[in-house]
Amino acid sequence: MAVQRTLSIIKPDAIAKNVIGDIIRRFEENGLAVIATRMTQLSDEQAGRFYAVHRDRPFYKDLCAFMSSGPILATVLEGKNAVALNRQLMGATNPKEAETGTIRADHADSIDANAVHGSDSEENAAIEIAFFFGDLDLNSRQ
Ligand code: ADP
Ligand code: MG
């Protein structure tokens with residue numbers, strides 16, 4: 001499987017729980033390397049642009065309000081099969097359905113406040129990485 005890059009976001013709920021280190025440790029222990037990271041707080045408008053793909057969903061407004069409610073940590077992960085591997089480590093969107101030992105099973109309280117975001121394809125990863133980072137911010141570890 002090829003080396004890929006993917007975007008991870010630690011959402012405001014997990015930042016508030018002070019579990020950044022625990023989440024990054026899981027990435028590193030599973031073969032993913034951090035090649036860029038940035039803490040920021042999105043405006044409601046910026047969160048809306050990031051999640052534009054969901055704009056017609058009933059939860060869109062609440063999602064944007066939540067994602068702009070506090071600081072987030074955006075991180076670019078690099079490694080073999082990074083997109084799917086990150087999704088596997090995250091667990092299902094609804095923490096009630098997330099497999100034991102996943103980030104969402106351990107740290108998410110609800111489907112809204114579900115601790116982490118992860119790109120769902122290589123194509124979307126490239127778009128999402130470019131939302132937060134420029135080429136000069138990416139420090140390949142290969
Ligand atoms: P994922 O984050 O697992 O890729 P989606 O892309 O489907 O999930 O949705 C984006 C985010 O929108 C989810 O992480 C979650 O915070 C929120 N969301 C998704 N579905 C619902 C829902 N049915 N009710 C409330 N929030 C939802
Ligand atoms: Mg998604």
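Helix α7 gives the largest share of the lining of the largest pocket, 4 residues. This is a predicted model, in which local features need pLDDT of at least 70, side-chain atom pairs count only at pLDDT 80 or more, and totals for chains, interfaces and linings use all residues. Residues are numbered from 1 along each chain as its sequence is written, chains are lettered from A and ligands numbered from 1 in the order in which they are written, and side-chain values use heavy atoms, with hydrogens and water left out.

Stay with the pocket. A pocket here is an open set of points on a 1 Å grid over the protein atoms alone, where a 1.4 Å probe fits, with protein on both sides within 12 Å along at least five of seven lines; lining residues have an atom within 4 Å of a point. The volume is about 680 Å³, taken as the space filled by probe spheres set on the points, which are joined across faces, edges and corners. The lining counts 26 residues, and Y51, V53, H54, L63 and H117 lie nearest the centre. Two or more lining residues come from each of α3, α4, β4 (116-118) and α7 (122-132). Helices (H or I, at least four residues) and strands (E, at least two) are DSSP runs, numbered from the N terminus. By type, the lining divides into 10 nonpolar, 7 polar and 9 charged residues.

Now take α4, residues 60-67. The arc is that of the directions from the helix axis to the C-beta atoms.

Helix α2, residues 20-29, buries I23, I24, R26 and F27. Down the axis of α2 these residues fall within an arc of 150°, so they line one face of the helix. G21 and E29 are exposed on the face turned away. Just after α2, G31 takes a positive phi of about 90°.

Finally, A14 sits in helix α1, residues 12-16. A14 counts as buried because its relative accessibility is 0%. Beyond its neighbours within four places in sequence, A14 is in contact (heavy atoms within 4.5 Å) with V19, I23 and A115. V3 is 11 residues from A14 in sequence, yet 27 Å away in space, C-alpha to C-alpha.

Notes
Buried < 20%, exposed > 50% of the residue type's maximum accessible area, 1.4 Å probe, protein only. Nonpolar A, V, L, I, M, F, W, Y, C, P; charged D, E, K, R; others polar.
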